[in-house]
Amino acid sequence: MSFTGILSISLGAILVENFILVQFLGICPFMGVSKKMDTATGMGLAVIFVMALASMFCWVVNEFLLVPLGLEYMQTLAYILVIASLVQFVEMFLQKFIPSLYTALGIYLPLITTNCAVLGVALLNTQKGYNFIESVVYGVTGGVGFLLAIVLFASVRERMEFADYPKAFEGFPIALISAGLIALAFMGFSGLKIW
Amino acid sequence: MNVKKQFKEGLITQNPVLVQLLGMCSTMAITTTLFNGLGMGLSVLIILTCCNIVIALLRKVIPSKIRIAAYVVVIAGFVTIVDLIIQAFVPALSSSLGVFIPLIVVNCIILGRAEAFASKNSVGASALDGIFQGLGYTVVLVIMCVIREFLGKGTFGGGILNGGAGIQIFPEEYGALLMILPFGGFLTLGCLIAFVQWALRRAENKKKEEVEK
């Protein structure tokens, strides 16, 4: 595994193929918890953590359990169970050992189970045939991309409270359109390659 | 059983995408050709109906503490079945939807309806709810596809009509490629939701005026 390969995966996951803005994975929490900057940051950090763990565990489950037994078609089912129990475990662990972080993330932790970015990263790792290190790097940097997008979006949204727009666009529609404009900005990264 | 009311709720007043704002990832991601939209919509319709039936059947057996986990297992089972069927019989759809078919597992519409409807209602009502909510989702997908495909490529019915190429309404080079890109997804859905909010509010105001008279 070369250093350049890892760099290329990271760049792809953060900018070129940003999970939210380019691949449309994880839109629900992106829209749901982006009204305030601090909750958005908390959610982003939690997602990085869970995506890294999920890539790790799903790779192990796939390589040592599903493939030897010829059960690849059970991937979706196995992965969602791994993710659900992982989230539960992380929740219990944080509650016991780092209560301050637990209270900060609070309600956002259980929500991560149904974040399609997490299941998405596990499935994409398998689809792309990444090895263990590549999978973990893809998971972490995918999470970083999520954090970047949600923080950018939250700062736009905080300002939007004072904006003047048609009444029918109140709430969700205007949020979607501003997210679209951020996505448009991210289009500028497409085709970006180190070599 | 109130078929008419459920029909209206699924398609308009409680539309899963436009009013409940569920399942937006797939709505924006795959609506680039009519073929994708129809395929995705019908898959969700089938999965949603089956899940609603099974969960309504099991609603008295599943302990409430572990119900979410149980729902997820039921949903993942049906998604796997549909995924395998699509891979076997419609490989073109499988390759163009890609990772979004297995991702139906985490589509909030299905878990949302299981929690909000199937866990509290009879099997028949739940089956109808699945069909109508699934239809509401499919209709939105189809509308999005038609708009984005027309503005983006100038075609109608891509992937299905005219041997897969779609009917060319205006030359492709005049299309706004932007509508096919992610930005188009955000923009189209935003405008659709805004339109529905406006229409629902107007209908409400009219009702109020009539009451006042």
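I take contact to mean heavy atoms within 4.5 Å. The model I am reading is predicted.

**Entry 1: chain A against chain B.** I looked up the contacts and found 36 residues of chain A touching 33 residues of chain B. I then looked up the buried area, which is about 3000 Å² between chain A and chain B, with 84% of it given by carbon and sulfur atoms. I checked for salt bridges between the two chains and the count is 0. On the side of chain A that touches chain B, two or more residues each come from α2 (27-32), α4 (75-97), α7 (116-128) and α9 (172-187) of chain A. I noted that α9(A) gives the most to that side, with 10 residues.

**Entry 2: a nonpolar patch on chain B.** I found a nonpolar surface patch of about 890 Å², whose members include L38(B), L42(B), V139(B), F150(B) and I160(B). Both α3 (34-57) and α7 (123-153) of chain B supply at least two residues each. The largest share, 5 residues, comes from α7(B). I placed I160(B) in the loop between β1 (155-156) and β2 (167-168) of chain B. I list I160(B) as partly exposed because its relative accessible area is 40%, between the limits of 20% and 50%.

**Entry 3: S126(B).** I located S126(B) in helix α7 of chain B. I list S126(B) as buried because its relative accessible area is 0%. A polar atom of the S126(B) side chain lies 2.8 Å from the backbone oxygen of S122(B). Setting aside neighbours within four places in sequence, I found S126(B) in contact with N52(B), A56(B), F117(B), A118(B) and N121(B).

Definitions and conventions:
Residues are numbered from 1 along each chain as its sequence is written. Chains are lettered from A and ligands numbered from 1 in the order in which they are written. This is a predicted model: local features need pLDDT of at least 70, side-chain atom pairs count only at pLDDT 80 or more; totals for chains, interfaces and linings use all residues. Side-chain values use heavy atoms; hydrogens and water are left out. Patches are made of residues with over 30% relative accessible area and no salt bridge: like charges are joined within 9 Å, nonpolar side chains (Val, Leu, Ile, Met, Phe, Trp, Tyr) within 5 Å. Accessible areas come from the Shrake-Rupley method with a 1.4 Å probe; for residues, only the protein chains shown count as cover. A salt bridge is a side-chain nitrogen of Lys or Arg within 4 Å of a carboxyl oxygen of Asp or Glu. Helices (H or I, at least four residues) and strands (E, at least two) are DSSP runs, numbered from the N terminus. Buried means under 20% relative accessible area, exposed over 50%, partly exposed in between (1.4 Å probe, protein chains only). A polar contact is a pair of N or O atoms within 3.5 Å; within protein, one must be able to donate a hydrogen and the other to accept it, and residues adjacent in sequence count only if both atoms are side-chain atoms. Buried area is the accessible area (1.4 Å probe) that two parts lose on being put together, summed over both.
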